[in-house]
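Colleague: Could you take a close look at the aromatic side chains of this model and go through their surroundings with care?

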Amino acid sequence: MVAMKIRDMKDNKSPGVDGIPPKLLLEIVEQISIPLATVFNLSLEEGIVPLEWKEANIIPLFKKGSRNKSENYRPVSLTSVICKLLERLIKDHLVDFLVKNKLINPSQHGFLKARSCLTNMLCFLEDVTKWVDEGSPVDIIYLDFKKAFDKVPHQKLLLCPWRRKWYDQLDRKMAY
């Protein structure tokens with residue numbers, strides 16, 4: 001599975017702090033797959049994530065507008081490609097489990113294969129059309145979350161007691 005995931009990687013992505021680019025992993029996939037699987041399994045069994053996998057290079061990515069204004073950039077974290085590989089493996093296992101055990105609502109379209117915003121919109125349109133055809137009243141409220149992240153008071157969010165407690169517990173579990 002590790003080899004398959006490496007082969008699925010895009011080779012033009014930027015490396016994280018560890019400096020290991022996806023292209024290198026693709027070139028040595030046969031030699032690195034088993035050692036990586038061993039490290040991944042050990043990390044999961046022990047509940048320990050290497051410190052290097054938690055570190056990131058943060059770079060500004062231009063959004064729109066004037067390039068001279070800092071608010072027109074968003075921070076992007078370049079994390080370890082190897083850690084992202086493990087994250088994808090875990091995500092795939094979790095989604096497979098949830099789908100096989102019918103634990104995901106059929107209306108869920110995000111993060112699922114063969115589903116997207118478009119399929120979500122088509123299902124919604126089909127429901128609305130059915131309700132209108134039946135003569136049922138239909139009210140629709142549209143929310144645009146495009147800039148929602150920019151409006152979150154991040155400093156206040158960091159001060160939330162429940163969030164601080166959760167991060168403290170996570171740090172204790174991840175510590176060596």
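Modeller: F62 counts as partly exposed because its relative accessibility is 24%, where buried means under 20% relative accessible area, exposed over 50%, and partly exposed in between (1.4 Å probe, protein chains only). Y73, at 25% relative accessibility, counts as partly exposed as well. The charged end of R67 sits over the ring of F62, 3.8 Å from its centre; a charge sits over a ring if NZ of Lys or CZ of Arg is within 6 Å of the ring centre and within 35 degrees of the ring normal.

The model is predicted, and for that reason local features need pLDDT of at least 70 and side-chain atom pairs count only at pLDDT 80 or more, whereas totals for chains, interfaces and linings use all residues. Residues are numbered from 1 along each chain as its sequence is written, and side-chain values use heavy atoms, with hydrogens and water left out.

The structure holds two aromatic pairs, a pair being rings of Phe, Tyr and Trp (its six-membered ring) with centres within 6.5 Å, counted as stacked when the planes are under 30 degrees apart, edge-to-face when over 60, and tilted for the rest. The pair of F40 and W53 is edge-to-face, because the ring centres are 5.9 Å apart and the planes stand at 70 degrees. Since F40 lies in helix 3 and W53 in helix 4, this pair ties together parts that are 13 residues apart in sequence; helices (H or I, at least four residues) and strands (E, at least two) are DSSP runs, numbered from the N terminus. Both F40 and W53 are buried. F62 and Y73 also form an edge-to-face pair, 5.4 Å centre to centre with 65 degrees between the planes, and this pair links distant parts of the chain, with F62 in strand 1 (residues 56-62) and Y73 in strand 2, eleven residues apart.

F40 and W53 return in the largest nonpolar core, where they are among the residues, out of 16, that touch the most other members; such a core is a set of buried Ala, Val, Leu, Ile, Met, Phe, Trp, Tyr and Cys residues joined through side-chain atoms within 4.5 Å. Helix 1 (2-8), helix 3 (29-46) and helix 5 (81-100) each give two or more residues to this core, and helix 5 gives the most, with six. What covers the buried residues of helix 5 includes helix 3, helix 4 and strand 2 (73-79), contact meaning heavy atoms within 4.5 Å.
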